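User: Could you take me through the charged pairs in this structure, one question at a time?

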Amino acid sequence: MALLQISEPGQTTAPHQHKLAVGIDLGTTNSLVASVRSGEAQTLADINGDHILPSVVRYAEQGIEVGQAAIEHAVIDPSNTIVSIKRLMGRAATDLKSLRQSSPYEFSISESVVPKIKTRAGDVSAVEVSSEILKSLKTRAIETLGDELVGAVITVPAYFDDAQRQATKDAARLAELNVLRLLNEPTAAAVAYGLDTGQEGVIAIYDLGGGTFDVSILRLKQGVFEVLATGGDSALGGDDFDHAIADWMLQQSGCKKIPTPSLVRLLMREARSAKEQLASVTEVNVKVELDDFAWQGELTRSQMQALIEPLIKKTIMACRRSLRDADVAVEDVLEVVMVGGSTRTLAVREMVGEFFRREPLVSIDPDKVVAIGAALQADVLAGNKPDDEMLLLDVIPLSLGIETMGGLAEKIIYRNTPIPVAKAQDFTTYKDGQTAMAVHVVQGERELVDDCRSLARFDLRGFPPHVAGAARIRVTYQVDADGLLTVSACEENSGVEASVDVKPSYGLTDSEIETMLRDSMDHAEDDMHSRMLREQQVEADRVVEALDAALQVDGDELLSEDEKANIAQARNQLIEAKAGDDSEIIKAAIKQVEDACADYVARRMNSNIRNAMQGHSVEEYAGNEQE
Amino acid sequence: MAITLTEPAAERIKSFLENRGKGIGLRLGVKTMGCSGMGYVIEFVDEINADDEVFEDKDIKVIVDKKSLVYLDGTEVDFAREGLNEGFKFNNPKEKDSCGCGESFTV
C-alpha cells in the first residue's frame, strides 16, 4: 500500500490529491531539492544518498548526464560539460565578454540575443541547460515523495534582474515544473532558521556561494520579513577563491604556456580540494600532473588566506554598502546568517564576524539552508498549513525605468521598493500630431539607457493627434510577488490603451519554449526589423500629417504651383514607401519630403512670427515681460 | 479495542513531534474519499475532541475518533521504506480491498 505522511490537523488530503511541493535551490555550483514531510523540512537524497546535485550538465554521446556523472567527465570532455551555467541566465550575448575568459567552452557565433554554447548535441542556451538540472531534481523528488508535484518554490539571488528571473521561470517550464513562486535566497535562509518567530529586529544574510555573493539586510517586524536592502556581486564566489588558488599554483609551477581547458579544470579541482581541506587542517600538500605539466607543493592556511583576502574584502565592502542603503548601523544587526558552501572557509567566518561584531549563525548546513527555507515556503503556498503563517515581503533589486528623450533612463520604481507594487507616471508627446509612443522598459541604476538592461519595448499607437505636450500618457509599472513586471500605457484623453504583457527581451514566448528556443535568433532579428519598420512608418505618418495640415492652412499662400507639385510628388513617394516593408526606403523618402519642404518651412516660420506680432509693438512685449 | 505502533513508527512519530515543537500526539482516522471508498487520515493533534478515544503505545498518544475506530480497530501502524520513498503504513485487518495504489480502501 501507499506510504503516508503526517499532515497538520485538519489538512489531510484525499488520496491522489496530495499537495506535494518542493523547494529548489538552483545554485551556480550546486543545486538541491527539499520538501516538508510529516512537518519536517529535509533535503532529498538521490539513490546514492547524496543530497547535493552538482550544477553540471554534460552533453555526452549517449545522452545527457547531470551532476556527479557529468563532473567526472569534466576533465576529459570540457567543451561538452557545462558548469556554472547560472552565470549566463538571462544574459545577452553582448554581456559575455567578461565571462568568456574564464569559460572553457565555445560559444556559438551568432547574432542571437541569447548566447548559445556549442555542444555535440547542438547549440544550447542557459535556459535549456538549467532545465536539465531542474528535471533531474524533479525526478528525484517524485521518486522520493511518491507522487506528482503540485509545484516548486525556486530560489534566485536577490540581485537577479527581471530577465534573469524570467529565464529561471522559463527553465522551470521547460522542465515541466509549476513555479509556485520565485523566492530570494536570503529570504529563504531567514525562514529556514525560523527567524520569523524570533526577536524583532534587523538580520543580515551573508550568502557566499560558488558563483554569486549576496548580502541582504532584512527587518523582522510583527512576524513579517521586510527586505531593507540587497547588495552583492553576481560574479563573485567560491569559484573565484579556487581561481585565485589555481592561478597561484600555475605561477608556482613556473609554467609559461597558456593552460589547456583540461589543465584549467584539473587545477581548479585541486585548488578547491585544497581550500576545503584547509577548513580543518593548517596545511596541505598539492600534486598536479597532466600530460607534460607537473607541479607539487605546499599550501598553508595563512598563505591561502592571503590569496583570498582581497576577495573577502570585496564582500565586506558590499555589506557596508547595504547597511548604508538600509540606513542601519552595524550595532542594529541582531543576527548574521551564513549561507553558501564558501562560508565554511574559516577566513570568511572570521572577517564577517569581525565586521558585524557578532558570531554568525552556522548551525544549519550552509549548503542546505536555502533549499530548506524554500521547502517551508512551498509547503505554505501549496496549502498544507492551516493559515498562511509566513507573509514575505521582497524588494526590487534594481530600479525599473523608462527611456525618455535623449536616451535617458527615468526611474519609475526605485530599487529596494517592497513588492508587489504598482506605480504610474504621466508622459506627454513631444511633436505636434503625434499618434504613437514607443515605451522602452529598462532596469538599472545608471542614467543612460545604454548602460541599463533593456527589458522590453512596446508601442502605444493610434491615439488622436494633439499639439505637442497636450496628450496625457499614463504609464503604469506593476510588479507581482515573484518580482515579474507588467507595463501598461494609456492615453488619458482618448482612452487608447496598450496593455502589453512585458516579457523581458531575453525571455521567451510560450510558443518559443515549445520549439526549444532554437529559432530565437530569427525571432530576435524579425522583431528588430519590424520595430525599425514600425518606427519609420510612425515617422512617415507624422510627416505626412504635419505636411497636410500645413498645406491646408497656408499652402496656396506661400507656395508657387511648381513648388506645390514638387512637394506633392515627394509626399506621394513617401506614402508609397510606407506601404512597403523596407525601413531604409521609408527613411530616404522622409528625407526627400523634408528637403522638398525646406524653403516652405522657413517661409511659414517667418509668416507666423509676422502674424503674431501684427498690431502689436515691440515695446508691448517688453512691457509684458516686466510685469 | 486497540491500535498499535511498530518500533520504527513510534520512533519517527516521536522525532516528528519533537521537530514540530508542539502537539499532543498522532490522530488516525478514516474519511470517505478516494477511488475505493475510504482514505486514511494521519495528522498531528493539537487538541482532543469530546468523541475521541486516546490510546497510548510506546509513549505515543494515538487519538482516534469513535466513528473511525470502527474501521481501524486492530490496526498496526508501521514506518516503511520503498526505494527512495518512505512513510507510514496501515496494517489494517479489516481492510478487504484497496485501490491499485493502496491509498484508499474498503472494509
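Predicted model: local features only at pLDDT ≥ 70, side-chain atom pairs only at ≥ 80, totals over all residues.

Analyst: Side-chain values use heavy atoms, with hydrogens and water left out.

User: How many salt bridges does a search of the whole structure find over all chains?

Analyst: Side chains of opposite charge can pair when their charged atoms come close. A salt bridge here is a side-chain nitrogen of Lys or Arg within 4 Å of a carboxyl oxygen of Asp or Glu. Over all chains, the search finds 32.

User: With which residue does Arg37(A) form a salt bridge?

Analyst: Arg37(A) counts as buried at 7% relative accessibility, where buried means under 20% relative accessible area, exposed over 50% and partly exposed in between (1.4 Å probe, protein chains only). The closest N and O atoms of the pair are 3.6 Å apart, and the pair crosses from strand S2 (residues 30-37) of chain A to strand S7 (residues 85-91) of chain B, strands being DSSP runs of E with at least two residues, numbered from the N terminus. The partner, buried at 9% relative accessibility, is Glu86(B).

User: Is Arg81(B), which forms a salt bridge with Glu86(B), buried or exposed?

Analyst: In this pair the closest N and O atoms are 2.9 Å apart. The relative accessible area of Arg81(B) is 58%, so by the cut-off of over 50% Arg81(B) is exposed.

Key: Residues numbered from 1 in each chain as written. Chains lettered and ligands numbered in written order. Helix = DSSP H or I, 4+ residues; strand = E, 2+ residues; numbered from the N terminus.
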